[in-house]
Amino acid sequence: MTPWLTVVGIGEDGFSGLGKQARRALLAAGQIFGSPRQLALLPRCVSAAQVNWPSPFSLAPVLAQRGQPVCVLASGDPMFYGVGASLARQLPADELRVLSMPSSCALAAARLGWPLQEVNVLSLVARPLAALNAELYSGVRLLLLSNDGDTPAAVAARLCERGFGQSRLHVFEHLGGSDERCLHGYAQDWPHARVAALNLIAVDCLAGPDATPLSPLAGLSDSAFRHDGQLTKRDVRAITLARLAPQPGALLWDVGAGCGSIGIEWMRAHRSCRALAIEADDGRQAFIEFNRDALGVPGLQLVRGRAPEALHGLERPDAVFIGGGVTRDGVLDTCWAALRPGGRLVANAVTLQSELALAHFRQQHGGELTRIHIAQAQPLGSFDTWRQALPITLLEAVKPLDA
């Protein structure tokens, strides 16, 4: 049975660059959805009704035509940051046919001679530029999907801010079409304030002497965060993240988030990791908002409020970290009840009272208690000695699958 919906990837060369299947689908369609730019690429022989995407964007007009011959136009590969991927989440595979063209990233890699599997791709389309901060490492090659004609200049400015002003940029306009053009230059003296709206940015990252690239591994320096002293310190944070064991796509509740260090490092573990930072203090909420952008995870969501009241109605987490408030009535129980089966709860305690709360929780639900002692060498007169930090008691509990 032929699917009722066909998603056609179309390039800058328009209808003439399409294969036979794509042409036949467009000629047989009753309606064709696309952007004004894409619809303008169709010749007069395509007689179907042409429908612009609504603003704000919605798939509802397409889904309302279910069962009728419909085509959707997409740029290049519809399954690569495209509308095809969105439709595939809404429809079974036997109702959808996707006819792809080379993506803009594939074309850019071919032009530059960059092996595509060795390049990191990041979409900046309707996404905060702060996401770029997590991708900057010397020697890395980036392909950035631009939001508009101002994006390349904004990227160049951001590279300079982060100490990557020596990075070389290649900006491709209208890839694959007769108007294709490539602009070259360095971030520190990028001369083009604005380029064509349809563009892709390639970056050869090179760190300058003032750059401070951040390791993708857990345990960033405490100085990487803006804070008032209320943060899980570096070594304990690395241990805590290891116990939380981030998985792609998993959601973390960072309860009593402080400056947001645990939630931020959880999200840096994988692009698809998600986190909610629950924090009641106004000053620390400001730290979280600053740190999440500075460290490249603008998608971290801040929940303003105090646990357990602020936890009600939130999406169920795959993991929970409680950095403060374990002695508050209902915090541990509410977190444990909300946690998905198979999820992990990790809580840290410094005081005798909070340690007792963790021990009591362990008696009820099981888990593992670990005492962490960290000492640092510090001056003592003309010599050095070990200065012991306050010991940390860490609880790790995994919720049974049948709970």
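Student: Which residue takes a positive phi in the hairpin of β17 and β18?
Tutor: Gly381 does, with phi near 65°. The hairpin has two residues between the strands. Helices (H or I, at least four residues) and strands (E, at least two) are DSSP runs, numbered from the N terminus.

Student: How many bridges join β17 to β18?
Tutor: Six. β17 covers residues 375–380, β18 covers residues 383–388, and they run antiparallel. Two strands count as paired if DSSP finds at least two bridges between them.

Student: What stands opposite Ala377?
Tutor: Trp386, in β18.

Student: What should I know about the model before we go on?
Tutor: This is a predicted model: local features need pLDDT of at least 70, side-chain atom pairs count only at pLDDT 80 or more, and totals for chains, interfaces and linings use all residues. Residues are numbered from 1 along each chain as its sequence is written, and side-chain values use heavy atoms, with hydrogens and water left out.

Student: Switching to charges. How many salt bridges does the structure hold?
Tutor: 18. A salt bridge means a side-chain nitrogen of Lys or Arg within 4 Å of a carboxyl oxygen of Asp or Glu. One of them is Arg66 with Glu95, whose closest N and O atoms are 2.8 Å apart.

Student: Why does that pair tie together parts that are apart in sequence?
Tutor: Arg66 sits in the loop between α3 (60–63) and β4, and Glu95 in the loop between α4 (83–88) and β5, so the pair ties together parts that are 29 residues apart.

Student: Is Glu95 buried or exposed?
Tutor: Buried, at 17% relative accessible area. Arg66 is partly exposed, at 48%. Buried means under 20% relative accessible area, exposed over 50%, partly exposed in between (1.4 Å probe, protein chains only).

Student: What about Asp150 and Arg194?
Tutor: Their side chains meet in a salt bridge, 2.6 Å from N to O. Asp150 is in the loop between β7 (141–145) and α6 (151–161), and Arg194 is in the loop between β9 and β10 (199–204), 44 residues apart. Arg194 counts as exposed at 52%, and Asp150 as partly exposed at 38%.

Student: Which residues form a network?
Tutor: Arg243, Arg344, Glu368 and Glu396, through salt bridges that share partners.

Student: Now the core. Which members touch the most others?
Tutor: Phe225, Leu244, Leu252, Trp266 and Leu300, in the largest nonpolar core, which has 30 residues. Such a core is a set of buried Ala, Val, Leu, Ile, Met, Phe, Trp, Tyr and Cys residues joined through side-chain atoms within 4.5 Å. Helix α8 gives the largest share, four residues.

Student: What does Leu252 touch?
Tutor: Its contacts include Leu244, Ile262, Trp266 and Phe321, not counting residues up to four places away in sequence. Apart from this core lies another, of 26 residues, among them Val303 and Val331.

Student: Last one. Where is Met267?
Tutor: In helix α8. Met267 is buried, at 10%. Met267 touches Cys273, Arg274, Ala275, Val297, Gly299 and Leu300, not counting residues up to four places away in sequence.

Technical notes. Contact = heavy atoms within 4.5 Å.
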